[in-house]
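Please open the model in your viewer and keep the sequence panel beside it. The stops below are meant to be taken in order, with a new selection at each one.

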Amino acid sequence: MEREKYSLINLDCSECAERIEETARKVDGVSFVSVSFATASLHIIAEDFREVEKAIKKVEPNIEIQKNNGIKESNRLFDFWSELFPLL
């Protein structure tokens, strides 16, 4: 198993990130999990990610989980700041 990285769309608060991490940690077959509110990302090593995803959706139904396909966090941050300050 390799460590996988996912983007967490609609992650609104640090408490939500903590709840997601705690929930994922309780799923059988998860050997590593880390959720970052700052980057809205999930790093995980799990035997069956579908089970993890189901558990997350139960506690945070508005979260959308997307596999990171090489998009760097710096690009996401650039997009965020570009939207916030479009004239710069």
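Throughout this tour, contact means heavy atoms within 4.5 Å. The model is a predicted one, in which local features need pLDDT of at least 70 and side-chain atom pairs count only at pLDDT 80 or more, whereas totals for chains, interfaces and linings use all residues. Residues are numbered from 1 along each chain as its sequence is written, and side-chain values use heavy atoms, with hydrogens and water left out.

**First stop: helix α1**

Select Thr23, which is placed in helix α1, residues 14-25; helices (H or I, at least four residues) and strands (E, at least two) are DSSP runs, numbered from the N terminus. Is Thr23 buried or exposed? Thr23 counts as buried because its relative accessibility is 15%, where buried means under 20% relative accessible area, exposed over 50%, and partly exposed in between, with a 1.4 Å probe and protein chains only. If neighbours within four places in sequence are left aside, Thr23 is in contact with Ala55, Ile56 and Val59.

Arg50 pairs with Asp48, with 3.3 Å between the closest N and O atoms; Arg50 is exposed, at a relative accessible area of 59%, while Asp48 is partly exposed at 26%. Lys54 forms a salt bridge with Glu51, again with the closest N and O atoms 3.3 Å apart, and because these two are three residues apart in helix α2 (residues 49-59), about one helical turn separates them.

Now select Leu8, Leu11, Leu42, Ile44 and Val52, the residues with the most contacts inside the largest nonpolar core, which has 21 residues. Such a core is a set of buried Ala, Val, Leu, Ile, Met, Phe, Trp, Tyr and Cys residues joined through side-chain atoms within 4.5 Å. At least two of its residues come from each of β1 (4-9), α1, β2 (30-36), β3 (41-46) and α2. Centre the view on Leu11, whose contacts, not counting residues up to four places away in sequence, include Cys16, Ile20, Phe37 and Ile63.

What is the angle between the ring planes of Tyr6 and Phe49? The structure holds one aromatic pair, and the planes of Tyr6 and Phe49 meet at 5° with the ring centres 4.0 Å apart, so the pair is stacked. Rings of Phe, Tyr and Trp (its six-membered ring) pair if their centres lie within 6.5 Å; planes under 30 degrees apart count as stacked, over 60 as edge-to-face and the rest as tilted. Because Tyr6 belongs to strand β1 and Phe49 to helix α2, the pair ties together parts 43 residues apart in sequence. Both Tyr6 and Phe49 are buried.

**Last stop: the hairpin**

Finally, show β2 and β3, which pair in the antiparallel sense over six bridges; two strands pair if DSSP finds at least two bridges between them. Select Ser34 to find its bridge partner in β3, His43. The hairpin has four residues between the strands, and Ala40 takes a positive phi near 50° there.

Definitions and conventions. Salt bridge = Lys/Arg side-chain N within 4 Å of Asp/Glu carboxyl O.
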